[in-house]
Amino acid sequence: MSGQTLTDRIAAAQYQLTGSDMARAVCKATTHEVMAPKKKHLEYLVSATNTTNVNIPQMADTLFERATNASWVVVFKALVTTHHMCVHGNERFIQYLASRTSLFNLSNFIDKTGSHGYDMSTFIRRYGRYLNEKAFAYRQMAFDFTRVKKGADGVMRTMTTEKLLKGMPVLQTEIDTLLEFDVHPKELNNGIINAAFLLLFKDLVKLFASYNDGIINMLEKYFKMKKSDCKEALEIYKRFLTRVTKIGEFMKLAETVGVDKNDIPDINYAPSSILESLETHMNGLEDVKGGKKGSPTKGSPTNNVSPTSTPAKSSNAVPTLQPPPGESAAAAAPAAPEPAEDSLLDLDPLSSSGPPAASAGTTSWGDLLGSDTFATPAATATETPAAEGAAAAPNAALVAGATAGAADLFNSSAIPPIHSSAPPPKIDNRDIMSLFCAV
């Protein structure tokens, strides 16, 4: 079906007679023409949201009314228009959507008038869920993740631990709902779904930038968190790793709808050593709480390796800590305690099991996460002052200047591309945060 139908013309005339130019523009943007909403109608609606006397609820309600149409074309165009208003319109528009108790109720929508309508109905249901989730995220956070400031002084990078642990799951849910659109290149076969995909692609780039900032902030605070927060942060990071590949695959589809290849960011894997070191720290906190001291018994596991970490790790790969030569006199007494293998003072999980060199504390993960000094794990009663001094120095080096050398995760050359079949190579842990930087 192409061209405006008689129904479209009658509806537009009715709105014009009532004196509502805004409602008429909504009607014109959501006609039965199988094409994306016309630019002139979208621009008019965007400019209307920036005027003081515009009735935002009336605009939104008109779009909701059009979304109840039986035709997949009208409904899909109503969703695209709503999304366009959320992205380019005044923030008052999405604020109103967030204040509503219900938005798009399209979970059972289906257009049986033809095979094409049947196929598009699937994407309409998914698209409606994403727009609902976008408004719900705004209601929970009081801001739009795609609109907030990015970078070192951005919202996600300066957020407190409590707000960060609350906001990251909300952001992850919004990204998950977007990725559920799950379109394939052959299905991008009309102007409406192409317009929807482009809006989703632009949202995903901005959402991932906020996601990236949140991960950086979380890792900077990780070694200062209490045990319960560490556990939650570790789960957030694991979920982050599983989404990187899906996000990259979604972005690659943008080439099929005319997005320049240079505008599509390249996403790379983070090394497994990061996850392993976070788990080691978490297990160290559990050991301290459980009253464990010294090294574990032979043959016992030293950490609970998650399914997403490198499986071929044994207790021999856990780093050990020994005092520097200059301070080893006190620690060399016959009753000296065993090395604290659960400590994070040497965080390279890929290192050999032999005793570290004198400079091991400053060469492995020496530039992890910023200039702050992470809290040193509580020392046992048998540790000598010399051992405590040895513990403080590596911990200070652990967090020195990590973010200063950060490079863009999208364009990192240190890690192979996500489509590479080769496993991620071992890299210098001082460059860990070079994987994370705002877009």
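Is Asp61 buried, partly exposed or exposed? Asp61 is partly exposed, with a relative accessible area of 35%; here buried means under 20% relative accessible area, exposed over 50%, and partly exposed in between (1.4 Å probe, protein chains only). The model you are looking at is predicted, so local features need pLDDT of at least 70 and side-chain atom pairs count only at pLDDT 80 or more, while totals for chains, interfaces and linings use all residues. Residues are numbered from 1 along each chain as its sequence is written, and side-chain values use heavy atoms, with hydrogens and water left out.

**The overall picture**

- The protein has 14 helices and 0 strands; helices (H or I, at least four residues) and strands (E, at least two) are DSSP runs, numbered from the N terminus.
- Of its 439 residues, 49% count as buried.
- Take the contacts (heavy atoms within 4.5 Å) between residues at least 6 apart in sequence: 79% of them join residues at least 24 apart.

**The nonpolar core**

- In soluble globular proteins, nonpolar side chains tend to be buried together.
- A nonpolar core is a set of buried Ala, Val, Leu, Ile, Met, Phe, Trp, Tyr and Cys residues joined through side-chain atoms within 4.5 Å.
- The largest such core here has 97 residues, and Phe76, Tyr127 and Tyr237 have the most contacts inside it. Helix α9 (residues 191-222) gives the most to this core, with 17 residues.
- Leaving out residues up to four places away in sequence, Phe76 touches Met120, Phe123, Ile124, Tyr127, Phe181, Ile192, Ile193 and Ala196.

**Aromatic pairs**

- The structure holds 11 aromatic pairs. Rings of Phe, Tyr and Trp (its six-membered ring) pair if their centres lie within 6.5 Å; planes under 30 degrees apart count as stacked, over 60 as edge-to-face and the rest as tilted.
- For Phe64 and Phe104, the ring centres are 4.8 Å apart and the planes stand at 70°, so this pair is edge-to-face. It links distant parts of the chain, with Phe64 in helix α4 (residues 56-66) and Phe104 in the loop between α6 (91-99) and α7 (115-141), 40 residues apart. Both Phe64 and Phe104 are buried.
- Phe208 and Tyr211 also make an edge-to-face pair, because their ring centres are 6.4 Å apart and their planes are at 85°. Both lie in helix α9, 3 residues apart, about one turn of the helix, and both are buried.
- Phe76 returns here: ring pairs link Phe76, Phe123, Tyr127 and Phe181 into a cluster.

**Salt bridges**

- Side chains of opposite charge can pair when their charged atoms come close.
- A search of the whole structure finds 10 salt bridges, each a side-chain nitrogen of Lys or Arg within 4 Å of a carboxyl oxygen of Asp or Glu.
- Asp61, from the opening question, forms a salt bridge with Arg100, and their closest N and O atoms are 2.7 Å apart. This pair links distant parts of the chain: Asp61 sits in helix α4 and Arg100 in the loop between α6 and α7, 39 residues apart.
- Asp176 and Arg243 meet in another salt bridge (2.6 Å, N to O). Asp176 belongs to helix α8 (residues 161-179) and Arg243 to helix α10 (residues 227-252), 67 residues apart. Asp176 is partly exposed at 25% relative accessible area, whereas Arg243 is buried at 10%.
- Glu235 and Lys238 form a salt bridge with their closest N and O atoms 3.7 Å apart. Both lie in helix α10, 3 residues apart, about one turn of the helix. Glu235 is partly exposed, with a relative accessible area of 35%, while Lys238 is buried, with 17%.
- Salt bridges that share partners join Lys134, Asp144, Arg147 and Asp203 into one network.

- In helix α3 (residues 39-49), the residues His41, Leu42, Leu45, Val46, Ala48 and Thr49 are buried.
- Seen down the axis of α3, these buried residues fall within an arc of 160°, so they line one face of the helix; the arc is that of the directions from the helix axis to the C-beta atoms.
- The buried residues of α3 pack against α2 (21-29), α4, α5 (72-88) and α6.
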